[in-house]
Amino acid sequence: MFVRESARGNIRRFMVDSVSLPLWLDDYIFNQLKANYCPSNSDMTVIDWDKSNVLNYLGTYFPRSYAESYCIFRNFFIKDLLSWIFRDKISIFDFGCGTGGEIIGLLMAIGELSPNLKLVEITVLDGNHAALRIFENVIKEYLTHTKISITYKVIPQVIEDFYDLSILDAVVTQKFDIIMSFKSICEFVTKERFEQQNAYEHIAKTFLPKLENLGIMVLADVTTYNSVSQEWLPTMMDKGLSKTGCNIVMKNAGYNQRFIISHSRHKKDESKVAWRIIQTRWRN
Ligand SMILES: C[S@@+](CC[C@H](N)C(=O)[O-])C[C@H]1O[C@@H](n2cnc3c(N)ncnc32)[C@H](O)[C@@H]1O
């Protein structure tokens, strides 16, 4: 249940927007996988990147995605605690998971708040094989630091267009408790995968029917002006979501939210994203 108005002040005290990368994860990505901290200001289309660029991604944007996800999910779970705290199993689908920083952020957040959690079933899709190999390594490392059992299924697929999305729609028949996409839909806009149509609308319409009862979809994305669509991405996200008739239950205040992540290569690194949490409407 969502908490009453009177409890909101107390809850705000528990809200986080600043974290450190767990030491085991910091050691693993920087010392074992040889990630590099290397920020870039250009529009990124990671789908085309090779292994050395993906290692730059891992050292720079993976920690940011970890922080965004950990904070967004933790703050949401605290608000909607009774729906999550007693669960012993959850299922997750990540569209455009890349190296999977947001998956580890989510696992850490839910692991801290759900003491009964025993099994997490993860399905991920991404078209970049180098990123997926790193994701699998990171998940295997995570497994050595948790008592939670994880199953994971990887769909290594480039979604070129509407046709590919419809095939995916037909192939992924399962329903999920959590469906998410972090900073990947912007690449569909830049590459005009759905011609000039709204990518947020099409992706949300495809995956919203795959949510379990009371499941949530979390969309987070960069907040830049996209020179291909000639639109600010958060505006495009809102326009697309409004066409789905979905129920947005939480979002960043203002235009975007700033998150702070500290790790061994950069203290207080900063990222800004726009995010929306959509929940299926019905409650028993
Ligand atoms: C900026 S990265 C974000 C990765 C991850 N979600 C994160 O937050 O760290 C965007 C991801 O979307 C994937 N992607 C972009 N376009 C895609 C497409 N058409 N089909 C499949 N994956 C795609 C890329 O390969 C990349 O891993």
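In this predicted model, the ligand is surrounded by 21 residues, and the closest of them are Y57, S65, G96, E102 and D126. Sorted by class, this shell holds 9 nonpolar, 7 polar and 5 charged residues.

Let's look at some individual contacts. S65 brings an N or O atom of its side chain to 2.7 Å from an oxygen atom of the ligand. G96 uses its backbone instead: a polar backbone atom of G96 is 2.7 Å from a nitrogen atom of the ligand. From R193 comes a polar side-chain atom, 3.3 Å from a ligand nitrogen. How much of the ligand does the protein bury? Of the 590 Å² that the ligand exposes when taken alone, 99% is buried by the protein.

Now step back to the space around it. The ligand sits in the largest pocket, and the elements that supply two or more residues to the ligand's shell are α3 (51-79), β3 (119-126) and α8 (185-190).

The pocket itself has a volume of about 940 Å³. Its lining is made of 47 residues, with M44, Y57, K183, C186 and V222 lying nearest the centre. Two or more lining residues come from each of α3, α5 (101-113), β3, α8 and β12 (266-279). Which element gives the most to this lining? That is α3, with 6 residues. By class, the pocket lining counts 18 nonpolar, 18 polar and 11 charged residues.

Conventions
Residues numbered from 1 in each chain as written. Predicted model: local features only at pLDDT ≥ 70, side-chain atom pairs only at ≥ 80, totals over all residues. Heavy atoms only, no water. Near = heavy atom within 4 Å. Polar contact = N/O pair within 3.5 Å; in protein donor to acceptor, adjacent residues only side chain to side chain. Areas by Shrake-Rupley, 256 points an atom, 1.4 Å probe, with all protein chains shown as cover. 1 Å grid on protein atoms, 1.4 Å probe; cavity = no way out; pocket = protein on both sides within 12 Å on 5 of 7 lines; lining within 4 Å. Sits in = over half its atoms within 2 Å of the grid points. Helix = DSSP H or I, 4+ residues; strand = E, 2+ residues; numbered from the N terminus. Nonpolar A, V, L, I, M, F, W, Y, C, P; charged D, E, K, R; others polar. Points joined across faces, edges and corners; volume = space filled by probe spheres on them.
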